[in-house]
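Hi there,

Here is the structure I promised to pass on. Have a look at it first, and my notes follow below.

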Amino acid sequence: MAGYWIVRGSEVEDRDAFERYAQRWGPISKKYGARMLAGRGRHQTREGQDHVRNLIIEFPSYESAVACYEDPAYQAALADVRKAYRRELAIVEGN
């Protein structure tokens with residue numbers, strides 16, 4: 001079964017940190033077969049707190065989604081993303 005990262009967050013607050021994260025994310029995402037499914041278009045929050053950034057990233061499996069997050073290269077990239085914007089990330093298994 002596929003795995004997904006559900007990411008919800010604020011506006012980008014530090015552009016330089018975001019660019020550093022984006023550069024690191026490219027090779028990491030390829031390594032784990034990550035694919036952006038949603039997050040570039042419109043959204044509506046109907047219940048709960050609204051977030052301006054809402055992303056759904058698909059992985060070939062739940063295990064690959066977890067492995068990507070735990071990868072030492074991704075863990076190093078977290079310092080930049082945490083400077084870039086405030087966010088929440090959940091890893092979920094799909095059908």
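This is a predicted model: local features need pLDDT of at least 70, side-chain atom pairs count only at pLDDT 80 or more; totals for chains, interfaces and linings use all residues.

A cut-off to begin with: a residue counts as buried under 20% relative accessible area, as exposed over 50%, and as partly exposed in between.

Glu 93 lies in strand β4. Setting aside neighbours within four places in sequence, Glu 93 is in contact with Met 1, Ala 2 and Tyr 62. Its C-alpha atom is separated by 17 Å from that of Arg 8, 85 residues apart along the chain.

Next, helix α3. Its 13 residues (72-84) should span 18 Å at 1.5 Å a residue, and the end C-alpha atoms are 19 Å apart, which agrees. There is also a kink of about 30° in α3, centred on Leu 78. At the start of the helix, a side-chain oxygen of Asp 71 comes to within 2.7 Å of the backbone nitrogen of Ala 73. The buried residues of α3 are Tyr 74, Ala 77, Leu 78, Asp 80, Val 81 and Ala 84, and they pack against β1, α1, α2 and β4.

Finally, the core. The largest nonpolar core has 20 residues, and Trp 5, Trp 25, Phe 59, Cys 68, Tyr 74 and Tyr 85 touch the most other members. Two or more residues each come from β1, α1, β3, α2 and α3, with α1 giving the largest share, six residues. Not counting residues up to four places away in sequence, Trp 25 touches Trp 5, Ala 34, Ile 57, Phe 59, Cys 68 and Tyr 74.

Best wishes

How values were computed: Residues are numbered from 1 along each chain as its sequence is written. Side-chain values use heavy atoms; hydrogens and water are left out. Helices (H or I, at least four residues) and strands (E, at least two) are DSSP runs, numbered from the N terminus. The expected span of a helix is 1.5 Å times one less than its number of residues. The bend at a residue is the angle between axes fitted to the seven residues ending there and the seven starting there. Buried means under 20% relative accessible area, exposed over 50%, partly exposed in between (1.4 Å probe, protein chains only). Contact means heavy atoms within 4.5 Å. A polar contact is a pair of N or O atoms within 3.5 Å; within protein, one must be able to donate a hydrogen and the other to accept it, and residues adjacent in sequence count only if both atoms are side-chain atoms. A nonpolar core is a set of buried Ala, Val, Leu, Ile, Met, Phe, Trp, Tyr and Cys residues joined through side-chain atoms within 4.5 Å.
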